[in-house]
Amino acid sequence: MHNKSLLSGNEAVAEAALASGVSLGTGYPGTPSTEILEHFAEMGGKAQWSPNEKVALEVGIGAAYGKARAIVTMKHVGLNVAADPFFTVAYTGVDGGLVIVSADDPGMSSSQNEQDNRHLAEAAEIPMLEPSDSQECYDFTVKAFELSEKWKIPVLMRMTTRVCHSKTVVEKTIKASNGYSDFSFVKDLRGKVMIPSNARPAHAGLREKIAKLAEFNEESDFNRVENGNKDLGIITSGISYQYAKEAEPDAGILKLGMTYPLPLEKIRSFASGYKRCIVIEEGDPYLYKSIRAAGINVEGKHDIFRLGELNLKRVRKILSGNNTHEEKLPSGKAPQLCPGCPHKSVYEVLKKLDCTVPGDIGCYSLGTLPPYEAMDTLLCMGAGITAGLGLRHILPEARAMKVVSVIGDSTFMHSGITGLVDMVYNRPPTGHVVIILDNSTTAMTGLQEHPGSGRDIGRNPAHKVKIEDIAKAVGVENVDVIDLIRNPGDIEKMITKRLSEKKTSVIIARRPCILALKQLGKKK
Ligand SMILES: Cc1ncc(C[n+]2csc(CCOP(=O)(O)OP(=O)(O)O)c2C)c(N)n1
Ligand code: SF4
C-alpha cells in the first residue's frame, strides 16, 4: 500500500487530521489556510465554513468540550477575530483534542498586514507548534491532537505561506482512524464557567500547566539539534530552517518545532557550544527576544529583515551581517477585476458621482486600483460599513451625503451585520448608504460558499440566509435589490436617489461571479 504522497503543507494537515479521527473541522476561508478545510472535506471529513473565525473557533471548542477531536482553520488576521474565545479557552482547557491552525502571511501576498501570530500564542498561553515542511505538517498535526488531549489544552499550529503551499513528500505514518464515538459533556462549573471567581484559579492553573509544558518541551522530540562546525550555531524554526540549512550546511542547528513554551535550557546549552550563535527567523524577533530575555547571548537580525518573507539570499545576508538595503523585487502586473466581473459597473458609478467610498476586503477591493480608483479605505473585514458611519458622523453635511460604504456578501456575513445594526441604532444625521456587492460567493479566496450562497462546503444545498431579510429586520429604511446585468442602468439611478435622501439605505447589487457560475456548472 502506498503511504507516501507529494502534498502541500495544507493537504498534509488535512490528511493527518482525518487520519487522527477528527470529528469536526470548522474555519473561515483566508489565504494561505483555505485548502486545509477544503481538502479535509473532499476526503470525506465532516467540515463546515463558518460565518467568521470567532464562530468557527467557538463551535470547535464546543465539540472539544464534548470530548471530540476538532480542527479550526484560519488565516493570521482571522485569529484576531477569534481572539476572544482563543484567550479564554486556554483557561477552560478542553476534554477532547482541539487544534487551531493559524496560517500567517509574511510578505502579505494576500493580506492587509503581516502580523506574526507567535505573539498570540505567548499572549494567550497556548502551546504552539511550527512545522517547516509538509512531513512536519503531517506529523505535528498528529502529535498536536495527542498533546491537546494529554494536557487538556488547545494547541496552535502556526504555519506560514511557504509551508502551507509548498509540496514535499509525506510519509503517512498512522492508519486512518474511524474517529471516536464516546462523546459526552462532563459538567464542571468551576472549570468551564469563566466567571471571575472561577477564572482566577483557572489562570493560576494555566500558569502551572505552561511551566510543566516548558519542562516537557526541554526533552520533547519537536525540537532537534543537528551538530555542526563549532564556529556557527543557528537557532531557527518553521520555513527559516530550510533557508538556514541551505545557506550554512555545516553549521550547528537547533531546529525548534514547539516554540511556545520555549525549551530555554536546551537553547542555553546549545548556544554555549558555539563561538557565534544567531537566530534565523521570519517576521518579528519573537525567538530572539525571548532567548535574550532569558540571558542567553545570541545574535538577531537587522530590522530590515523583519519586513517581508525570508529567502535564501536574505538569510545569507543576515548571516554575513550585510544590512544594506535590498533591491526591490520588480512589481508584477497589477491585478484586475475579471472581464465581465459584476463589481465593475458599481465602481464606474461611484467614480462618476465623486463618492467617498470606505471599502472592505474581497475581489471588490480592486476598485481602489486604476481605472476606477474609487474605493478609499480598506482596514479589516467589516470596517467598510463602520468606517463609513464614522465619516458620516463628522463630515460636513454636503460631503457626508457622498459617503457610500461597499462590502461583499461573504464579508457582510462575516462582520458586516453588526455594522448595519450600528447604522440604525446610532444613526448618523444624514443616514447612510451601504452597497452590498452580492456575487453569491467568497470569490477572493477561491470561490468558497458562505451562509448567503445557499450551499454548504461540499456545494450541496443549505439554508440560504437572505441579506435583504437581515437588512429589513434590523430596521434599515430603504432596502433595494438590483440585478447588475439585467438592469445595468438602475444602479446609477438608485445610488443617486439614495444619496439625495437622509435615510439609511442598503442597495444589494446582485449578480453571481462569473467564475463561481463556471465552477458550479462543473460540479453539475
Ligand atoms: C479576518 C479575515 N478573515 C479572512 C480574510 C480573507 N478574505 C479576504 S476577503 C474575503 C471575503 C471575500 O468575499 P466577499 O466579501 O464575498 O467578496 P468577493 O471576493 O466575493 O468579491 C476573505 C475571506 C481576511 N482578510 N480577514
Ligand atoms: S473572480 Fe468573480 S468577483 Fe472576482 S474579479 Fe473575477 S468575476 Fe469578479
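**Close-up views of a predicted model**

**View 1. The shell around ligand 1.** Eleven nonpolar, ten polar and two charged residues form the shell around ligand 1. Here Ala, Val, Leu, Ile, Met, Phe, Trp, Tyr, Cys and Pro count as nonpolar, Asp, Glu, Lys and Arg as charged, and the others, Gly among them, as polar. The model is predicted: local features need pLDDT of at least 70 and side-chain atom pairs pLDDT 80 or more, while totals for chains, interfaces and linings use all residues. Residues are numbered from 1 along each chain as its sequence is written, with chains lettered from A and ligands numbered from 1 in the order in which they are written. Which of the 23 residues around ligand 1 come nearest? They are G362, G408, S410, A443 and M444. A residue counts as near a molecule if its C-beta atom, placed from the backbone, lies within 6 Å of it. Helices α4 (76–81) and α18 (409–425) each give at least two residues to this shell. Helices (H or I, at least four residues) and strands (E, at least two) are DSSP runs, numbered from the N terminus. Ligand 1 lies between domain 1 (4–219) and domain 3 (344–523), because both give residues to its shell.

View 2. The chain has three domains: domain 1 (4–219), domain 2 (224–320) and domain 3 (344–523). These bounds come from an automatic or database domain assignment. Between the C-alpha centres of domain 1 and domain 3 the distance is 32 Å. Where they touch, 13 residues of domain 1 meet 16 residues of domain 3. Contact means C-beta atoms, placed from the backbone, within 7 Å. On the domain 1 side, α2 (34–42) and β3 (47–49) each supply at least two residues.

**View 3. The shell around ligand 2.** Ten names make up this view: L337, C338, C341, H343, C363, N439, A443, C513, I514 and L515 are the residues around ligand 2. Eight of the shell residues are nonpolar and two are polar. None is charged.

**View 4. Helix α1 against helix α7.** Helix α1 (residues 9–19) packs on helix α7 (residues 134–151) at an angle of about 30°. Their axes are 8 Å apart. Axes are lines fitted to C-alpha atoms, for helices over the stretch in contact, and angles run from 0 to 180 degrees between N-to-C directions. The two helices are therefore roughly parallel. Angles under 35 degrees count as roughly parallel, over 145 as roughly antiparallel, 65 to 115 as roughly perpendicular and the rest as oblique. From α1 come G9, A12, V13, E15, A16 and A17; from α7 come S134, C137, Y138, T141 and V142. The contact has seven nonpolar residues, three polar and one charged.

**View 5. Helix α18 against helix α19.** The angle between α18 and helix α19 (residues 467–474) is about 15°, and their axes are 10 Å apart. That makes the pair roughly parallel. D409, F412, I417, L420, V421 and V424 of α18 face I467, I470, A471 and V474 of α19 across the contact. Nine residues of this contact are nonpolar, one is charged and none is polar.

**View 6. Backbone details in loops.** T31 and P32 are joined by a cis peptide bond with omega about 10°. P32 sits in the loop between β2 (24–27) and α2. Another cis peptide bond, also with omega about 10°, links P370 and P371. The loop that holds P371 runs between α15 (344–352) and α16 (383–394). S440 is not a glycine, yet its phi is positive, about 60°. The place of S440 is the loop between β15 (432–438) and α19.

Technical notes: Contact = placed C-beta atoms within 7 Å.
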